[in-house]
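Colleague: I've got the model open and want to talk through how its chains pack. Can you walk me through it?

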Amino acid sequence: MKALIQYISTILQGLLTLVKGMAVTGHYFFRPKLITTQQYPENRQTLKMFDRFRGEVIMPHDENNHHKCTGCGICEMNCPNGSIEIITKMIETPEGKKKKVIDKHIYHLGMCTLCNLCVKACPTGAIVMGQKFEHAVWDRTQLTKVLNQPGSELMKDVKE
Amino acid sequence: MSNNLQDKIETQEYIVNMGPQHPSTHGVLRLMVNLEGEIVKNVDPVVGYIHSGIEKMTESLAYPQIIHLTDRMDYLSAHMNNEAVALCIENALQVEVSDRVKVIRTLMAELQRLASHQLWWCVMGMDMGALTTFFYGLRDREMILDIFEETCGARLTLNYSTPGGVMFDLHPNFQKRVKEFTKYFRKVLPEYNQLLTGNVIFKERTVGLGPLSKEDAIAYGVTGPTGRASGFACDVRKHNPYSAYDRVQFNEILRTDGDTFGRYQARIDEMYESLNIIDQLIDNIPEGDYQAKMKGVIKLPEGEFYQRVETARGELGVYILSDGKKNPYRVKFRSPVFSNLWVLNHLIKGQKIADLVAVMSTLDLVIPDIDR
Amino acid sequence: MAFDIYDFTTLTSSIHQSLSESLPPLAVEMIEWTLVGLSMLIFVALFGLILVYLERKVCALFQQRLGPMRVGKWGLLQTIADFVKLLMKELITPNRADKFLYNLAPFIVIIVTFMAIAAIPFAKGLQALDFDIGVFYVSAISSLGVIGILLAGWASNNKYSLIGAMRSGAQIISYELSVGLTLITMIIFAGTMQISGIVDAQASGWFIFRGHIPAIIAFIIFLIAGTAETNRGPFDLAEAESELTAGFHTEYSGIKFAFFFLAEYVNLFIVSAMATVLFLGGWQPLHFGSFEGFNQVMDFIPPIFWFFGKVMFIIYMIMWFKWTFPRLRVDQILTLEWKYLLPVNLFNILLMTLIVLMGWHF
């Protein structure tokens with residue numbers, strides 16, 4: 001008799017735990033407001049990344065096409081996987097002195113692991129992390145970018 | 001059927017290759033499984049399919065650069081991996097980091113542990129066939145990842161610890177968000193239990209399955225929640241405190257059953273403990289620098305350095321052999337998953353295929369951590 | 001042509017009459033068979049598509065997701081797009097597979113479902129086959145499907161498929177017993193095996209109310225065993241995605257895979273329809289003893305809506321099971337059947353017999 005009661009109680013208890021589990025899923029079924037899905041390409045207009053989000057390395061330019069990069073090469077040294085190449089050139093300043101300035105700041109997005117070490121190391125704050133994350137392209141050569149815009153110059157007040 | 005007849009029927013063991021592409025190996029682990037019908041006779045894990053050569057690569061990188069590679073080992077406890085290397089370098093240089101850094105690191109590590117255990121929970125449910133758990137776990141993990149993204153700038157590969165501190169100071173929203181999360185998650189955790197832990201089918205499948213004794217756990221070097229479920233007191237946070245673990249009160253989850261359900265329950269309990277640690281620290285984050293002054297080029301003194309931390313899966317050891325240059329001479333990671341994996345054969349012999357999946361789930365394998 | 005949504009007998013008999021006027025009896029019969037076959041085919045295809053869509057939406061809601069949203073409004077055309085994709089895919093036959101059996105298996109599975117669906121009464125007069133042993137016929141036919149699954153597993157030359165098929169065999173043969181015994185319980189109560197007779201007997205009240213305790217126990221067991229019969233979660237051992245990748249249909253692609261897929265959903269419909277017929281009164285509206293006003297309002301809803309409403313409710317329950325519970329292990333499935341369902345079932349038959357003999361029912 002005892003065994004029989006135990007047998008029945010196991011069945012009932014088992015059924016109870018199953019119903020409890022169904023209550024959880026049922027709870028969410030009848031509350032469609034709790035749906036957490038974000039419909040990505042549709043919500044592009046409203047989608048805002050966090051301000052520290054690391055999407056790519058960019059070099060901000062001001063309205064006069066000036067940037068802050070002195071071409072010191074510290075970012076190139078700090079990059080763990082060789083994603084940055086700095087090409088410098090010698091120019092003559094109006095005072096007649098020879099000066100080394102940046103020619104091309106080449107950035108290989110395809111190799112970059114977005115570790116933030118270059119941005120952290122940059123002494124002048126010339127490069128920052130951008131928010132763009134839609135980097136898919138058809139050809140990987142497009143992932144090699146020149147960060148300084150053509151014809152851009154060093155800002156006046158940047159100390160070397 | 002008489003025994004005689006049974007002897008006359010010829011049976012044969014056969015080998016099934018589970019993986020490298022298989023839904024429940026969570027990556028590219030290959031298991032050569034000897035089967036007799038449904039019964040597993042022997043499991044032979046074959047590793048190396050995703051070997052990324054992290055240990056070798058570190059030999060040509062400067063010390064601050066090493067850290068970002070460790071994100072990619074055990075990607076679910078990226079912060080703890082970062083922290084381990086950072087602590088090792090700090091110990092070698094005898095740099096004292098500020099209290100703020102210590103507390104930030106501890107908070108991040110506990111959040112990371114929660115995120116990792118949430119993912120483990122939902123994947124465990126999925127391996128057992130309850131697909132809905134997968135989405136509930138990911139839903140809650142998303143909140144932690146948002147906290148990470150706001151402060152660290154990345155969701156998975158954080159690269160947040162640096163030698164001597166952390167990459168950024170905490171975001172102004174950090175405290176508010178973490179409090180919101182802990183409040184929310186304390187409400188959701190009972191739901192996890194209601195949905196899966198208490199379920200009669202789940203209990204039937206896990207209780208008593210694949211028991212691991214304390215002696216075997218020590219012999220195999222099984223650490224983390226897997227080892228603690230067998231009674232092996234191996235919590236580095238408790239026995240060898242680092243960062244801010246010496247100033248918080250928490251229990252080391254020790255269980256005696258050591259079966260699949262014990263390992264499951266140990267992780268669920270650890271989530272509660274992590275929440276406790278976060279609650280203790282979140283309101284009193286000390287002021288201070290988030291980055292200690294370090295030299296431009298970090299050179300470790302000649303010698304060997306070792307640091308261990310508790311990741312979500314067990315004990316991670318970082319061994320650095322330095323010859324005084326700016327690159328390490330040799331780096332070795334004692335990764336928890338690599339050690340935990342080899343106990344699989346011991347646990348699963350004589351059980352069924354479905355059990356193999358369940359046991360493997362509770363070992364919480366992350367394959368890149370095996371094939372560093 | 002007379003058309004009455006409450007009673008389809010007028011429709012069918014008027015078709016029969018108009019055909020008989022101009023054609024010989026053999027031709028009439030041929031045309032009627034073709035008509036019935038075509039309408040079944042269209043029904044199965046359409047209902048399969050709708051069910052697949054519903055399953056994806058229902059499971060999405062359980063999981064706090066949206067489900068398919070892109071193809072058509074709310075993703076309504078998603079299953080059609082999937083079907084077109086399946087049609088266009090290459091049919092792969094694995095090396096050293098048993099070609100004949102491999103190609104035969106999906107057809108067996110799908111033919112069996114068509115045979116079973118013929119005996120389902122959708123509304124008054126809307127039933128292709130009305131045997132006097134209708135319940136027995138459905139139960140016998142639906143157990144044939146396992147042959148297709150076994151063949152598929154055996155012929156695929158794949159160890160995962162073989163394990164899945166063997167599991168499925170053990171499972172369906174066991175659960176056939178439970179389904180059969182619950183059917184017997186209800187047959188004892190109804191006193192007939194003819195499906196239309198069973199439905200007619202429930203005009204005054206559904207069996208689940210009239211048969212009270214044993215009927216409710218039988219209903220729960222039927223739901224459990226029916227879920228197992230359709231190879232759905234938590235009894236989806238034969239597929240067991242996390243263990244066997246896709247079980248018996250691992251090697252199937254394109255339209256052959258679609259047959260297995262469709263058969264699963266049609267089986268789901270058959271099990272739900274049988275549960276509706278035996279316990280929830282088939283297409284009979286909900287009646288409560290002497291509430292005349294209430295009963296008249298219920299009568300106003302056409303029977304076909306009643307039938308599909310009840311079927312959808314049971315399908316929803318079975319989906320709810322699938323998306324909540326973890327999967328059972330193969331030995332536990334057999335334990336559940338032989339140690340729990342079978343004894344309870346036998347006891348339940350005894351109880352039902354007693355109740356019928358003593359007249360303790362409504």
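Colleague: How much area do chain C and chain B bury between them?

Modeller: Buried area here is the accessible area (1.4 Å probe) that two parts lose on being put together, summed over both. For this pair, 58% of it is on carbon and sulfur atoms. Ser242(C), Pro326(C) and Arg329(C) supply 23% of the area on the chain C side, more than any other three residues there. The total for chain C and chain B is about 2500 Å².

Colleague: Before we go on, what sort of model is this?

Modeller: Residues are numbered from 1 along each chain as its sequence is written, chains are lettered from A and ligands numbered from 1 in the order written, and side-chain values use heavy atoms, leaving out hydrogens and water. Local features need pLDDT of at least 70, side-chain atom pairs count only at pLDDT 80 or more, and totals for chains, interfaces and linings use all residues, as the model is predicted.

Colleague: Which residue of chain C forms a salt bridge with Glu38(B)?

Modeller: A salt bridge means a side-chain nitrogen of Lys or Arg within 4 Å of a carboxyl oxygen of Asp or Glu. The rule finds two across the interface of chain C and chain B. In the one with Glu38(B), the closest N and O atoms are 2.4 Å apart, and the partner is Arg167(C).

Colleague: And how many salt bridges are there across the interface of chain A and chain B?

Modeller: Chain A and chain B bury about 2400 Å², with Phe50(A), Arg52(A) and Arg54(A) losing the most area on the chain A side. There are 15 residue pairs in polar contact, both at pLDDT 80 or more; that takes N or O atoms within 3.5 Å, and within protein one must be able to donate a hydrogen and the other to accept it, while residues adjacent in sequence count only if both atoms are side-chain atoms. For salt bridges, though, the count is zero.

Colleague: Is Gln112(B) buried or exposed?

Modeller: Gln112(B) lies in helix α5 (residues 99-127) of chain B, helices being DSSP runs (H or I, at least four residues) numbered from the N terminus. Its side chain reaches the backbone nitrogen of His79(B) at 3.1 Å. Buried means under 20% relative accessible area, exposed over 50%, partly exposed in between (1.4 Å probe, protein chains only). Relative accessibility is 3%, so Gln112(B) counts as buried.

Methods
Helix = DSSP H or I, 4+ residues; strand = E, 2+ residues; numbered from the N terminus.
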